[in-house]
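Student: I have a structure open beside its sequence, and I would like to learn how to read it. Could you take me through some of its features?

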Amino acid sequence: MTLITIALGIFYCAWYLQHINWAVWYYSFVFFVCELIGLFLFSFFAFNSWFLRYHNPEGLAVERTFSVDVFIPVAGEPLEILRETVEAAVGIDFPNKRVYILDDKGNPEYQELATKYGCGYFAREDHSDAKAGNLNYAFFRTEGDLILTLDADQVPQPQIVNILIGYFKFPQVAYVQTKQNFKVPVGDPFGNADRIFYNVMQSGKDNDNSAFSCGSGVFYRRKALKEIGGFSTWNLVEDVHTSMLLHERGWRSVYYNHSLTRGTSPADIYGVYRQRKQWAADSLRILFWDNPFRRKGLTFKQKLQYFHLGFVYLVAAFVMPFFFITPIYSLLTQEFILTAPVYHYVLYRFPYFIAMSVGYGIINYPTPYMKAFQMWTGLFPVFMQATWIALRSSKKKPAYRVNVKTIGEAKAKNPWVAILPQLGIIFLAFSSIIYAFIVGGILWDCYLLNFVWIIWSIWTLSGISLAAIKRHQWPKEEALAQRIFPSFFSKTKELLLTVTLSVFIVLFFTIGDIYKIDQFLSSFRLEILRLVHIEKPATQPPNEIPKTSKVAEPGLEKVVEYPEKASLESGLSMKKEEGVKDGRWIIHVFSFRGQEKAKVYKEKLMAAGFPAYSIPAEVKGEFWIRVHVGFFNSQEEAQEVSKEIQKKSISQGPFWITKVSVREKENIRGN
Amino acid sequence: MEIKGTELRVGLYLADDFYEAPRKAWRYNQFFGKRIQILSFYIPWGRGNQSPDLAGIQEVLKSGFIPMITWEPWYCVQELPEGIRPEDQPKFSLSEILRGKYDDYIWQWAVDLKEISTPIFFRPMHEMNGNWYPWGGKVNGNRPEDYVEAWAYIRSIFRKAGNDKLIWVWSPYVHSSPDEPGNEIWRYFPGTQEVDWLGLDGYNWGETQEWSRWQSFQEVFEKGYGHLTQLAPEKPFMIGEVGCAEEGGDKSEWIEEAFGLLRGNFFQIKALVWFNIKKECDWRIESSKKSFISFRRNWSLC
């Protein structure tokens, strides 16, 4: 599947290059680059997941014993949360261990707690280097062979040490990271369980010996940390950078793909933003200022893995929004990225799209990836911010803030404000659909195609927007204990829907008769416009002319359209106050066989103040140019004017006074 | 062979090959917000072109356009040595064709074009009533009667080859040259059995030439239209080549008049192929902004 996708992707990109619209290269080419990056990411993801390394849930047999320190760094989390964690940590089923509370706020209540449970307690004076500094403070004041770090809200299972300790019989293993299990609000609206990351990506990275530490639920070897001088304080959060330094030194890591702890994830949009921003900023700082490709000790695969870590954030920040904006821009300006018929595009693009969807679906199975995708793309404003932060802080670290993890704490802020960028795009998307529809003068298959992509963008962005607006609840404890086994169908329904829809779209565009679609939609448009009483819509969009051809820049010219007789008449009655121009009676003054003469007399009439125009006609197989004066609201009025024409001796008549035909009215030219 | 639909088909000649023209035409589609339906190509018998570029024709069809192939028995101007007048090519005189000199060539095309299953416009030996092509009735030792015979001869070879897919377009120039008795348009008409569509080529040269003056669309075409519709009133009609200069009048008004007439008096005309290049003068629709806008607006009213 992967190979098929990549083949189709390359096929599509090659075709794209042939049909690219260079006239608007600034966005058609950028779009192409975005497509390439999309293909690259897929390939990377697929090959990363080619071999996943799984570990036995029982871990390895214990062959050597170690002494263990358990570090619980705290920075102002509520006492109750900490109590639960400490209780569980003390209850870990391993005799030779010592639990430490690393209090960065110097809270006496925590000290009490420590004394009560018989834990060690550190409260340092200076608070430099945030969590990493805090960990180091304890690191240099303790002795244990192995160090288990837990977040203040991360409740460990009693067997955690016994299971993991077996891996340390290999002297090269520097740390073992466990899968994180988060308590999330009902339905996990923000996709915080990060199941893709923990189920698929880390296992794949593990295979390349580059599973990285996530900062908590991780078991370190003291000797290894000592070699790199303790936890890395270079970054905001120590985890990734520490892992990179260890890997550079040739240490090995293990990702234990089963969960032995339970943490809590943020439950509102601001908490999610803050957490993701921090992760993104850290990863990007590494990418920008400590590029993994310059770290000689890393193997090539490791370099790639660390590069990828930051790169995905860049893609989410700057590439994905482009996919949203392109169809909107196309509809608003009627500049399209390709110079090929729509059904060609559909034939080339959608098989690739389907293959990629199925590919992602299979790789991630049984984890559905759609929500992760929605989140990942929906968070682009955060990732942009993170990029900015990372770029600014080459030497010094940005400010650190603890993740907010309780419902309601940040409720004071309005979630609507947080998702303004996403809502903005959704709004633009809707308005571009409507705008292009009203303006018309568009190839309808182009319209429909952009419509499809816009719906896709709206769907993608709606994920985070809805999650942000809705109120969330924590699940009941029983529900947590209960294990649900979703059916095959429920796991794949989104994927099946996507594939079915795509196939339908392909069939529609390839089999459907575009001329019929054109006809149907343009008459549909007129119907709608009449219904909503937008009289005389502009036929043309404000932008004008091919920029490729050597033609002057477009001007703004609105064109009046007389689509139907009915609307024509209502238009007439509406504009009565403008005078004779819109009546329905005319005077036939002259007929000529030549254009020149007609023109002369038309101008004569006009000079005398009569609203004259000329119109071609065929009489008994011969061609004539008629000169008419009009329009008048009644026959009498026309008669009076004809007398005046006589008086001014432009013509002596006879005059023919008649009702104007709709066709003639459409065809008049000049006045 | 017939093609469906009753609305006015607009086509373009873009002076590009089968592969590039559809791409360019698609850009025009986007600018006009309406579909170009016909793309025009000129293929001289001369050197090369021993058989039609089927892949190219398919490419045009696949891109949603009907190709119109104007088939010219001559060495085109670029292929000729200097000093030879293009109409002076005894090798390509009508009697040579009738004597069977090109039978193999014609047969090859007739057989190969059977591969194309959708109808395409096929326009051999156009503007025969002029004196600028070697198949003209008054040059190169030809007579108008030879033309009618040659047409029937070529078509009979296609019939023999079993090729009945093409739409045969007979397309004289709007006025004969020399304009004298014995060279009237009707003398060249191969007959209703031999022709599927009627065509006319005509240009408004404006004041670009010493001999030219500004002519309205009606002035350019009315005479020819009258003649041809008399010859075969039941045949569909196309303007096979048309262009308008900028000099000497208002091109945008000219276009407006043209569309007005196509909707009205020239109602037999079902297709219009614009000669969209800058050759003798800037015939193109987009020679000026005004002209382009006028074309788009008036077409959209069709």
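This is a predicted model: local features need pLDDT of at least 70, side-chain atom pairs count only at pLDDT 80 or more; totals for chains, interfaces and linings use all residues.

Student: How many helices and strands does chain B have?

Tutor: Helices (H or I, at least four residues) and strands (E, at least two) are DSSP runs, numbered from the N terminus. Chain B has 8 helices and 8 strands.

Student: What does the radius of gyration say about chain B?

Tutor: The radius is taken over C-alpha atoms, and the globule rule is 2.2 Å times the number of residues to the power 0.38. For 302 residues the rule gives a value near 19 Å for a compact globule, and the 18 Å of chain B agrees with that. The C-alpha trace of chain B spans about 50 × 45 × 40 Å along its principal axes.

Student: How much of chain B is buried?

Tutor: A residue is buried if 20 or more other C-beta atoms lie within 10 Å of its own, exposed if 12 or fewer, and partly exposed in between, with C-beta atoms placed from the backbone. In chain B, 51% of the 302 residues count as buried.

Student: Now to chain A: which strands pair with strand 2 of chain A?

Tutor: Two strands pair if DSSP finds at least two bridges between them. Strand 2 of chain A (residues 97-103) is largely enclosed by the rest of the structure, because 5 of its 7 residues are buried. Strand 1 of chain A (residues 68-74) pairs with strand 2 in the parallel sense over 7 bridges, and A:Val70 has A:Val99 as its bridge partner. Strand 3 of chain A (residues 120-122) also pairs with strand 2 in the parallel sense, over 3 bridges, with A:Leu102 opposite A:Phe122.

Student: What is the handedness of the crossover from strand 2 to strand 3 of chain A?

Tutor: A crossover is right-handed if, with the strands pointing away from the viewer, the path from the first strand over the helix to the second runs clockwise. The chain passes from strand 2 through helix 4 (residues 108-117) to strand 3 of chain A, and this β-α-β crossover is right-handed. Strand 1, helix 3 (residues 79-90) and strand 2 of chain A also make a right-handed β-α-β unit.

Student: Is helix 5 of chain A mostly covered or uncovered?

Tutor: Helix 5 of chain A (residues 130-139) is mostly covered, with 10 of its 10 residues buried. Its cover includes strand 1, strand 2, strand 3, strand 4 (146-149), helix 8 (222-227) and helix 9 (238-248) of chain A.

Student: Which residues touch the most other members of the largest nonpolar core?

Tutor: A nonpolar core is a set of buried Ala, Val, Leu, Ile, Met, Phe, Trp, Tyr and Cys residues joined through C-beta atoms within 7 Å. Of the 226 residues in the largest one, A:Ile72, B:Leu39, B:Leu272 and B:Val273 touch the most other members. A second, separate core of 19 residues includes A:Val589 and A:Ile625.

Student: Where does B:Ser288 lie?

Tutor: B:Ser288 is in the loop between strand 8 (269-275) and helix 8 (289-300) of chain B. With 18 other C-beta atoms within 10 Å, B:Ser288 is partly exposed.

Technical notes:
Residues are numbered from 1 along each chain as its sequence is written. Chains are lettered from A and ligands numbered from 1 in the order in which they are written. Two residues are in contact if their C-beta atoms, placed from the backbone, lie within 7 Å.
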